[in-house]
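I opened this notebook to record, entry by entry, what I looked up in the structure. The entries below follow the order in which I took up each topic.

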Amino acid sequence: MNQPNEEKKGIWKYIPTGIPCLVIVIGLFCYIGAEMGVANMLNTIMKTGHDLLLNTVFYLMSICVITGAIGRLFVEFGVVKLLEKLLRPLMKPLFNLPGVASLGAVMTFLSDNPAIISLSQDHGFASYFKKYQFISLTNFGTAFGMGLLVIVFMVGQGYFVEPFIGFFGAFCGCIVSTRFMQYFVVKNYPQFKEEYERPQNEIRSDNSEFRQEKSLFLRVLNSLLDGGKTGVDVGIAIIPGVLIISSLVMILTFGPSEVAADGAAVYTGGAYQGVELLPWLAAKVNFLFDWLFGFHDPHLIAFPITALGAVGAALSLIPNFAAQGWLDGNAIAVFTAIGMCWSGYLSTHTAMLDSMGYRELTSKAILSHTIGGIVAAIVAHWLYVLYMML
């Protein structure tokens, strides 16, 4: 007898989230459709996604395959271990982390953010860290995620010094993000400052040591093929971010294909047309972006916004920025810094902290990394200004 009432109550619990979601989604598409026309809007969405898939995703996937193969080759022949040993002395004074954390930086730089998760699951590796340090690995590893891919992509655009300026900016942003996260963790859980994540008597398993029993040829061949296969997986994984996030951001960033004599926008339903909402909003505070990041065109703000969700999607914006003439050396440096440092942290921090068992600290990690990314971009901009003065 009470079933209808229970169903009625069950409906009401979805209203606080369902109604706002419908309003936002319908409102967004109504706004875009009113500006472009419904048919043009749908055609632009489909054609933009199709062009991104063919001309951007496959290009990024090819880079992922090559960098993945190089990364696995470095692991097999001990280059990663060598880099780890060289970087260990920097960990404590800069990041307040044990020296073994350098392995996480190298692995995420060669692959992606989740590489830090596989390391954190190693009980021996985790035993080096106090709890507040262990939790901050989420921020530390993310700041270097897909770093090799980002740098190689930027160099492929014809810029050689600027990506490394951006890399230094990301390094500085990582320090800020990691330190802020450690501060927030200790503030909320003071006991974590002394407690170790794992017992100290656990022996770290070292799976990165290369094995000598195979011939040199087989080791090289297996490394290249296995690393390339991993690159394919990464390339496939970035497809949703590129097609969904980039398509939306491009529609909100770019303008019509042409403007009529009377000033009216002309939409044809072609790829990469849009309503220029983000540049309009950015222009209101463009003096701030100009001073902090050196963005002389408000359209460039689309890159940091996209990098929040996926750095692969953000990279897909670069060719169109170049075609429009908005790109310069400063933008490449800043994009490299903020792309590396943020590298889609909004979409990965929750999963990473959840896998480590500290989901309740997600908001602190996101806040810390937001600050770190902004610092990275500012450092890259002013370092580029200094470089141009030399």
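Leaving aside neighbours within four places in sequence, which residues is F144 in contact with? I found F95, A105, T108, F109, F167, F171, C174 and M340 in contact with F144, where contact means heavy atoms within 4.5 Å.

Before going on, I noted that this is a predicted model, in which local features need pLDDT of at least 70 and side-chain atom pairs count only at pLDDT 80 or more, while totals for chains, interfaces and linings use all residues. Residues are numbered from 1 along each chain as its sequence is written, and side-chain values use heavy atoms, with hydrogens and water left out.

Entry on the core. I then looked up the largest nonpolar core, which has 97 residues, and F144 is among those with the most contacts inside it, together with L137, F140, M154, F303, F321 and F335. Such a core is a set of buried Ala, Val, Leu, Ile, Met, Phe, Trp, Tyr and Cys residues joined through side-chain atoms within 4.5 Å; buried means under 20% relative accessible area, exposed over 50%, and partly exposed in between, with a 1.4 Å probe and protein chains only. Helix α19 gives the most to this core, with nine residues; helices here are DSSP runs (H or I, at least four residues) and strands likewise (E, at least two), numbered from the N terminus.

Entry on N330. I stayed with α19, residues 329-342, in which N330 lies, and N330 counts as buried at 5% relative accessibility. The side chain of N330 reaches the backbone oxygen of F293 at 2.8 Å, and a polar contact of 2.7 Å joins the side chains of N330 and H381. For a polar contact I require a pair of N or O atoms within 3.5 Å; within protein, one must be able to donate a hydrogen and the other to accept it, and residues adjacent in sequence count only if both atoms are side-chain atoms. Not counting residues up to four places away in sequence, N330 touches F293, G294, F295, H381 and Y384.

I placed T178 in helix α11, residues 162-188, where T178 is buried at 0% relative accessibility; with residues up to four places away in sequence set aside, T178 touches F95, L97, S136, N139 and F140. K131 is found in helix α8, residues 131-135, and although K131 and E195 are 64 residues apart in sequence, their C-alpha atoms are 5.9 Å apart in space.

Entry on backbone angles. Most residues other than glycine have a negative phi, so I looked for exceptions. M146, in the loop between α9 (137-142) and α10 (147-156), has a positive phi of about 55 degrees and counts as buried at 5% relative accessibility. Y272, in the loop between β2 (265-266) and α14 (277-284), has a phi near 65 degrees and is buried as well, with a relative accessible area of 19%.
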